[in-house]
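Visitor: Could you take me through the strand pairing and the helix packing here?
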Amino acid sequence: MISVQACLDGILLGILFALIAYGMALQWGVMNIINIAQGDLVILGGYIAYFMYLYGIHPAWGVIVSPIIMYFVGIAIYKLVINKVVDRDLFISILATFGISILFMQLMNFAFGADVVLANSDYGTTMLFNSNVVLPNSKIFSAFISILFAICLVIYMKKSKLGRAIRATAQNARAAKILGVDTEKVYAATFGINAALCGVAGALISITFTIHPYMGLPYTIRSFMIVIVAGLGNLPGVAMSGMGLGVFEEFADYILGTEFRIGSVFLLLVLILVYRRFKLSRKREYLK
Amino acid sequence: MKINKIIISFISAAIILLSSSVVSFAKVVGDKIVLGAAISLTGKYSSNGVHTQNGYNMAVDRINSMGGVKVGGKTYKFDIIYYDDESNPKRAAQLAERLISQDGVEFMLGPYSSGLTKAIAPVTEKYGVPMVEANGASRSLFTKGYKYLFAVLAPANLYLDVAIDLAVEKNNGKGVTVAMAFEQDAFSQDVRLGVLDAIKRTGSKKVIDDKLPKELNDMAATLVKVKQMKPDVLVVSGHTKGALTAIRQISEMKVDVPMLAMTHCDAAKLSKQHGKNSQYALCASQWHKTLTYKDDFFKDGMTYDADFTKEFGYAPPYQAAESSAALLVFKDAFERANSFDKKKVRDALAATNMQTFYGNIKFAPGGQNVDKPMVLFQVMCDDGGKCENKVVAPTKWASAKLIHPIPSWSKR
């Protein structure tokens, strides 16, 4: 029963992480930008839901309001900073987004205060297997909403004009430009969509966990790892590696102890990277 | 031309020299005793930093308006130079240097948090500047042999050992099983050491000993273990995040445990943020307004609470109360030393033995306050969902009876 519990906890957690990672993979793939401020966008989204909760609106509505606001925040960040670094070296973009991250942390701390806060959804709990396995409904809700948004986005990418333009730009920006795609607009939209996804995730995190202005970095690191493991432009891969990491984390926590939780995840990352390199080098030999 | 330049630079050098030498006499200017403090007004500790500053300011105003400090037959008033340490230990140490060597401050008040106090203490020690601090409880502060550091609060290892004693008492003196979940920072680990001591002393047994990661706000795995092992007491300490996460997940996962003891409940505004879900949680606190300690300046806890609320618009957390107490200690020491000599004031501080509204204050050789026990309050809610913190231990100060064991979730 314990393993079922850990498994389910991990999957629900992983789905939420996968949503954030998907946004990161999207803009990484399209714009070649690693967004260090990803986690801070998540937290900002969380604060939007939290303030709705403070004003008596159910925080679940944050799932709709937060991405709308965050979309425009994303566009604004793009226009102010990112469009100046988008064609430059990857290192420059990391520096720029790192700066944005620090700025956001300080601004949020200044505006919202340094208290740890959360929004209560009062969703209750689901008991399974003769109440041996307990799942908070807020986590189930988060996972459900994450999947919903991910599916919507996939369909949007496949069917809509902008979605096709985004995919074209990701494949070859120059060719897309020659064929009449306004890449500038595509970049702005991509960054906006990423920020909107962060907004959704943030609202969900304020319902399931807690938020604090300085709590963004773990989400950045986690999504970065998920993308590294899954590879760019591999959506099912992102979903699987998100859930896999979540489950792995919960088990590591349960078996090795909480203090090894983060460490074991990093160990896994190193192993995967080494394995990949090993595979690549074998391939190269074969090609010779 | 050249001579002009030389004259100008000579004059400006003289001005700089003069101004700096004037500043270096700033510790007592006219009828003012100038204290220095680096406080977290921005950064991650800013809310508690502001509580600390409000506590200091409240006491300064009160002491000044009630006759000030009498030294050598003359009356002096307190004044404080504040700098913002941005919640950053390095910055705090720099600011302490600046306060002492540039602003000429000879008496310091502590910053917020153990970490920042640890950064400042070596500096004040180097210059032999007495520092009374009110917000650094880590045990390691008091084992380094500092001579000029005095803390009005009880050290961190005493935060939750009262809870273990209480559980044993409820178990008819027999040992209990304890599950522990602590964050991996200096403060929480000190709390953990205290609990371990209590476990050993009472013949209890620890069944879970988890270290919560700083980065993640999820302790579901620990709670799964708790559900399985069914310990008599669950102890959690991980600052405000730990307290909020614990209550959220315990209520969501319906974890039944006879006693739940935590730190940082009032900083986390548990009863406000979680309402009835936080009911029955036991919380360690340095101070509570219902305690009946008394002094001449703030009268007692209830009066302090009312005055503070009137002035700052919110009820004082214990961080504010202990900060106010630090000023009372300084005043008392100055008057007994009857001098502004740093060494004499230091010796007077070491001999402090007084009662304030915040509690009795008497320093051990290490600098920690040994005369003030921690209190435990329990969150109690009425049927309307309004929750209040009521002191339940030690028995001497209790204003309500401990509810034990905690009713199971199915019966709530």
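Visitor: Which residue in S11(B) is the bridge partner of B:Val233?
Guide: In this predicted model, B:Val233 has B:Met259 as its bridge partner in S11(B). Helices (H or I, at least four residues) and strands (E, at least two) are DSSP runs numbered from the N terminus. Residues are numbered from 1 along each chain as its sequence is written, and chains are lettered from A in the order in which they are written. Local features need pLDDT of at least 70, side-chain atom pairs count only at pLDDT 80 or more, and totals for chains, interfaces and linings use all residues.
Visitor: How many bridges join S10 to S11 of chain B?
Guide: Strand S10 (residues 233-237) and strand S11 (residues 259-262) of chain B run parallel and are joined by 4 bridges; two strands pair if DSSP finds at least two bridges between them.
Visitor: And which helix packs on the sheet?
Guide: Helix H6 (residues 186-202) of chain B does, touching strand S8 (177-183), S9 and S10 of chain B. Contact requires C-beta atoms, placed from the backbone, within 7 Å. The direction of H6(B) makes about 165 degrees with that of S8(B), where axes are lines fitted to C-alpha atoms, for helices over the stretch in contact, and angles run from 0 to 180 degrees between N-to-C directions.
Visitor: What do the buried residues of H6(B) pack against?
Guide: They pack against helix H4 (114-127), helix H5 (161-170), S8, S9 and S10 of chain B. Among them are B:Phe187, B:Val191 and B:Ile199; buried means that 20 or more other C-beta atoms, placed from the backbone, lie within 10 Å of the residue's own.
Visitor: What comes just after H6(B)?
Guide: B:Gly203, with a positive phi of about 70 degrees.

Conventions: Contact = placed C-beta atoms within 7 Å. Buried ≥ 20, exposed ≤ 12 C-beta atoms within 10 Å, placed from the backbone.
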